[in-house]
Structure formats: C-alpha cells, structure tokens
Amino acid sequence: MSKPKVLVARAIFPETIERLAQHFEVESNQADEAWSKAGLIERLQGKAGVFTTGSERIDAELLDACPDLKICANMAVGYNNFDTDAMTARGVLGTNAPDVLTETTADFGFALLMATARRIAESEHFLRAGRWQKWAYDMFSGSDIHGSTLGIIGMGRIGQGIARRGAHGFGMKVIYHNRSRLDAALEAECKASYVGKEELLKTADHVVLVVPYTPASHHTIGAAEIALMKPTATLINIARGGIVDDAALALALKERRIAAAGLDVFEGEPKVHPDLLTVPNVVLTPHIASATVPTRKAMADLAVDNLVGYLVKGQPLTPVNPAVLAKN
Ligand code: DGY
C-alpha cells in the first residue's frame with residue numbers, strides 16, 4: 001500500500017523529516033522558500049497532511065482548493081493561523097503543540113521582563129556604541145522586579161508558569177485576569193489573586209500578556225488601556241501580534257506614558273511597526289519565546305506524532321477542533 005503524502009511547509013530539523021519519512025511520502029521545504037498562498041495550494045495537491053509552523057494561513061479558500069487534506073499539524077501552541085470553523089466544516093483536523101513549550105516560554109517571558117525593567121538591552125547598546133565614559137548614579141536606573149506587583153493577562157499554562165516564577169522566585173505579588181478564574185488550588189500554587197482587567201492595569205508594576213489571539217482579544221491593550229497603567233510600569237507581550245496596538249504603544253513609549261515594553265510578537269510580523277524601532281525604551285525580539293533546541297525538537301516531535309497519530313493510527317494527540325473526530 002502506498003504511503004499517505006504530507007507536506008512540510010517550512011524548513012525543520014532533518015530528523016523531523018526522517019521521522020515523517022518512516023510513515024509518509026514527504027515533500028519538504030528545507031530551502032525555506034517563501035511560498036505564496038497559490039504555491040502552498042499547488043504543493044498541497046494530493047497531500048493528506050501538512051506540517052505547519054504557525055505562519056501558514058489555513059482558511060476556507062485554501063481548504064476548498066485542497067480536497068485531499070485531512071490534517072494540519074501546527075508546530076506551535078497558538079493556532080490563530082487556522083480558521084477552525086472552516087476546517088471543522090470541511091472535516092479537516094487541526095492540531096497544535098501545547099505543554100512541551102510551557103516552561104521554556106515562561107522562562108523567556110521572565111527573561112524579557114527582567115531585560116525590560118532593568119534596561120539591559122538599552123544599556124548594552126549604549127556600551128557597544130562606545131558611549132560609556134563614566135559611571136553615574138542614575139545611569140540606566142530601571143524598576144525592581146523583586147517585591148513588585150506582577151499582573152498577568154491570560155492565565156493558561158504559560159501564564160501560570162510566569163506566576164510561579166514571580167511569586168516563588170522573586171517574592172512578587174501576583175494578580176491575574178483571565179476569561180475564567182482558576183480553581184482555588186491552582187491559585188494557591190501560583191500565589192495569584194484574580195482581579196478585573198482595569199484593576200490589574202492600574203495596580204501592576206509589570207503587565208505580562210499571554211492570551212491567545214482571537215478576534216475578541218484583538219488590541220486587548222490599546223491607548224485607553226495604556227492610559228490606565230502606572231507611568232513607571234512595563235508591558236510585556238509574548239502572546240501574539242495584534243494583542244497590543246503597536247502604534248499606540250510606540251507613541252506611549254515615546255511620550256514616556258509607561259516606562260518600557262518588551263515585545264516578542266508584532267502585528268504583521270516579521271514586519272515591525274517603524275515607530276517601535278525608533279524608541280529606546282523597548283526590547284524587541286523576533287518571536288523566540290519557545291526557541292531552545294530541546295523545546296523546538298519537542299514541538300516538532302509533537303506535530304509529527306499528531307500526523308502519524310491521525311493519518312496512520314486514527315488518533316491524534318492534541319486536536320484543536322475535536323468535533324472533526326466525532327464526525328468520523
Ligand atoms: C507558539 O507555539 O504559539 C509560539 O508562539 C511559537 O510559534
């Protein structure tokens with residue numbers, strides 16, 4: 001019997017391709033060419049599965065043009081590149097890569113918070129530019145992490161990981177806002193108290209965003225929300241571009257309405273709002289929160305396990321639209 005065909009949309013670990021090749025006829029993109037939508041559709045002809053990285057948009061137009069497609073396996077926990085309604089309506093399963101990146105991403109969220117509040121990137125650029133002539137009492141004074149109030153918007157697994165780091169490691173007071181409140185045991189473990197969004201924005205010294213991107217979470221933080229924050233506050237976005245209104249943030253940073261921001265994700269990335277590039281009080285990183293070798297390998301492995309699980313064994317591990325399975 002011939003093997004099912006799968007497409008790997010982006011360059012990936014060679015061992016990931018080798019694992020896939022044990023079960024599938026694989027077309028890969030190890031040159032990491034930027035395929036247009038039409039190019040992706042062309043390559044998906046006859047493919048039962050696609051390995052995506054989170055940047056390939058899977059929508060009704062693509063699905064209608066690719067009738068053989070049964071599963072899209074994202075190597076990412078976020079799956080806002082999937083139109084899940086369109087996929088479910090056409091019986092196409094989507095899977096993501098949760099859990100395996102939680103602690104790595106929480107580490108990064110905390111690192112970005114530290115770098116932002118303590119002005120590490122800004123001071124490093126200053127030093128490299130040869131501008132350090134003498135010590136000064138107020139040189140790159142930032143704000144404290146220890147003992148301060150950490151506000152987390154989005155208290156899923158990664159948000160909880162950041163809360164634990166802040167509360168247990170740095171003695172921070174942790175407040176959070178989420179669609180639903182955590183149960184009491186989890187709140188106690190994270191030493192976190194539930195508050196309304198407005199109270200969080202008004203009282204937190206550091207605000208960290210970890211909400212999934214949906215139309216409802218678009219511009220969760222815009223000019224009005226920034227106006228509620230303390231002028232000494234920092235804002236960290238490791239969630240998705242579009243959760244923050246980047247233009248409003250750039251203006252607020254320029255006018256010092258908040259102290260600083262740390263951003264790993266951007267509206268329309270890899271493009272970055274040009275005004276963000278001109279303000280010094282922002283740390284900018286290129287969507288690397290989950291980027292350690294073991295974690296990226298674990299994410300790739302989970303995407304492979306989902307493709308094999310569904311197309312070979314009939315049972316995926318982490319479906320995002322399980323209604324498709326119920327229909328089968
Ligand atoms: C994710 O997994 O959603 C991260 O943003 C990496 O893409």
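## Exercises on a predicted model

T88 is found in helix α4, which spans residues 84-89. The model is predicted.

**Exercise 1.** Is T88 buried or exposed, and which polar partners does the side chain of T88 have?

*Solution.* 
Step 1. Take the relative accessible area of T88, which is 19%.
Step 2. Compare it with the cut-off: buried means under 20%.
Step 3. T88 is therefore buried.
Step 4. Look for polar partners of the T88 side chain. A polar atom of this side chain lies 2.7 Å from the backbone oxygen of T84. The side chain of T88 also makes a polar contact with the side chain of N321, at 3.2 Å.
Step 5. Leave out residues up to four places away in sequence; T88 then touches N321, A323, V324 and K327.

**Exercise 2.** Which residues place polar atoms at 2.6 Å or 2.7 Å from an oxygen atom of the ligand?

*Solution.* 
Step 1. Begin with the backbone: a polar backbone atom of V77 is 2.7 Å from a ligand oxygen.
Step 2. Go on to the side chains. An N or O atom in the side chain of R240 is 2.7 Å from an oxygen atom of the ligand. For H287, a polar side-chain atom is 2.6 Å from a ligand oxygen.

**Exercise 3.** Describe the backbone and the exposure of H287 and R256.

*Solution.* 
Step 1. Recall that most residues other than glycine have a negative phi.
Step 2. H287 is not a glycine, yet its phi is positive, about 50°. H287 lies in the loop between β12 and α12 (293-311).
Step 3. The relative accessible area of H287 is 31%, so H287 is partly exposed.
Step 4. R256 also has a positive phi, near 55°. R256 sits in the loop between α11 (246-254) and β11.
Step 5. At 45% relative accessibility, R256 counts as partly exposed.

**Exercise 4.** Which residues does a cis peptide bond join, and where is P270 found?

*Solution.* 
Step 1. Most peptide bonds are trans.
Step 2. The bond between E269 and P270 is cis, with omega about 10°.
Step 3. P270 is in the loop between β11 (260-263) and β12 (282-284).

Note on methods: Residues are numbered from 1 along each chain as its sequence is written. This is a predicted model: local features need pLDDT of at least 70, side-chain atom pairs count only at pLDDT 80 or more; totals for chains, interfaces and linings use all residues. Side-chain values use heavy atoms; hydrogens and water are left out. A polar contact is a pair of N or O atoms within 3.5 Å; within protein, one must be able to donate a hydrogen and the other to accept it, and residues adjacent in sequence count only if both atoms are side-chain atoms. Helices (H or I, at least four residues) and strands (E, at least two) are DSSP runs, numbered from the N terminus. Buried means under 20% relative accessible area, exposed over 50%, partly exposed in between (1.4 Å probe, protein chains only). Contact means heavy atoms within 4.5 Å.
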